[in-house]
Every structure is written in structure tokens, then in C-alpha cells.
Amino acid sequence: ARLFEWGNVLAWDALTGNLKFRLENNSEVAEMKLSPDGRHLAVGLGTFSSNDIYDSVDAIAIWDIQSGTLAQKWTTLSDGKGFNHPVVGIDWSPDGNQIAAVVDYGTTAIFESNSGKTLHLFGQTTIHHSEVQFVKFSPNGSKLVTYTGVSGPGDAPGGDNNAYIWDANSGDLLFAPQNDDVVVSGYWSPN
């Protein structure tokens with residue numbers, strides 16, 4: 001799959017080069033991840049401009065890859081509170097039953113992938129003191145890493161520039177390694 005045009009995702013057959021389908025959204029595409037079984041694509045959507053002429057919405061869209069149809073779209077947490085941030089980070093749990101996503105300035109959430117029910121909220125700006133830019137499940141799905149960049153609201157300077165390791169089952173912060181350099185990405189070792 002490839003980001004192409006404003007808000008759309010296009011997928012081509014890698015062997016033939018033929019267009020397989022086009023997933024149309026009315027919001028900018030910020031991030032996307034294929035499910036572990038390859039059957040669904042989670043797409044993080046949002047508005048990055050104050051001149052939004054398309055009535056964009058911050059959301060998570062789940063697309064069925066076989067049919068090219070929208071299976072689900074989530075715009076709120078289970079408590080009814082809407083997302084207040086483009087969904088810039090998104091990841092599937094290794095078993096495909098959960099999706100972690102950045103849903104607010106300093107907040108990451110874990111959702112049930114089949115229902116959109118919110119299971120945990122992480123950070124909620126009390127831990128993260130700047131914009132969360134990355135989220136990734138550990139290979140066994142028991143932990144989650146998030147990191148914050150060097151920007152604050154509206155790309156203002158002052159981010160805490162740190163990584164955080166969370167228990168994906170309880171939502172508890174396990175530790176935040178001390179760091180003096182810029183964090184630009186994070187990945188888990190296979191073991």
C-alpha cells in the first residue's frame with residue numbers, strides 16, 4: 001500500500017503493478033499498519049492544517065483488504081471523548097486482537113480491534129509532556145513503547161524527548177529510560 005493523493009490509500013499488486021484498490025478518506029492519512037494476518041489495514045487519520053476545507057476528522061479507519069471496503073471507523077474513546085489529535089502512531093498487537101494508537105497530544109490508547117472498545121489509556125499528558133510520535137507493541141504483545149519528540153503543541157519547542165515502556169495488559173508505566181539525545185524511533189529486539 002502507498003500513500004497517494006490527499007487522504008487516499010492506494011494498493012498495487014507487487015507482481016503485476018496493477019492497482020488493486022483505492023481507499024478513500026476525507027481526512028489526511030498520518031500512519032497505516034497492516035494487520036498481522038494481512039487481512040485488514042489500520043489507517044490513522046487527522047487534520048494537520050487549520051485551513052481544513054474537507055471537514056476532516058481525527059480517527060482510526062479499519063479497511064478490509066480483500067474487499068477494499070471500510071470495516072470500522074473510530075472517532076471516540078469508550079467514554080465518548082473524541083480524539084483531539086491526528087492519529088500519527090498506530091500498531092497492531094502481534095495476535096491482531098488489539099490496536100495501539102496516539103489519540104491525543106500526550107495520550108496513547110489500546111483498543112479491541114474487533115469492537116473499538118478502549119482498553120487502556122497511556123500518558124494522558126501527566127507522563128508524556130510533549131507530543132507522542134510513535135507506538136509499538138513488543139513481539140509478544142505484553143509491552144508497549146511510546147516516544148515523544150522534540151516538539152510541543154503546534155510544533156513549539158520543549159518536548160521531553162523520551163521513550164516510555166508500558167505494560168500493555170495493565171496500562172502501567174514500567175520505566176522511562178533516561179536519555180540525553182533526540183529520540184527519533186524505537187523498536188523491540190525479537191527476544
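1. A salt bridge is a side-chain nitrogen of Lys or Arg within 4 Å of a carboxyl oxygen of Asp or Glu. In this predicted model, the structure holds two salt bridges.

2. Lys136 belongs to strand 12 (residues 132-137) and Asp91 to strand 8 (residues 90-92), so the pair ties together parts that are 45 residues apart in sequence. Asp91 is buried, because its relative accessible area is 6% and buried means under 20%. Lys136, at 24%, counts as partly exposed.

3. Glu31 forms a salt bridge with Lys33, and their closest N and O atoms are 4.0 Å apart. Glu31 is partly exposed, with a relative accessibility of 24%; Lys33 is also partly exposed, with a relative accessible area of 24%.

4. Lys33 also has a place in strand pairing: its bridge partner in strand 5 is Ala42. Strand 4 and strand 5 (residues 40-46) run antiparallel and are joined by six bridges.

5. An open sheet of four strands, paired antiparallel, has the order 4-5-6-7. Strand 4 (28-34) and strand 7 (69-74) are the edge strands, each pairing on one side only. From one strand to the next, the twist averages 25 degrees.

6. Strand 10 (residues 107-112) and strand 11 (residues 118-122) run antiparallel and are joined by four bridges. Ala109 has Leu121 as its bridge partner in strand 11. The two strands form a hairpin with five residues between them, and Gly116 in the turn has a positive phi of about 85 degrees.

Conventions
Residues numbered from 1 in each chain as written. Predicted model: local features only at pLDDT ≥ 70, side-chain atom pairs only at ≥ 80, totals over all residues. Heavy atoms only, no water. Pairing = 2+ DSSP bridges. Axes fitted to C-alpha atoms, helices over the stretch in contact; angles between N-to-C directions. Buried < 20%, exposed > 50% of the residue type's maximum accessible area, 1.4 Å probe, protein only.
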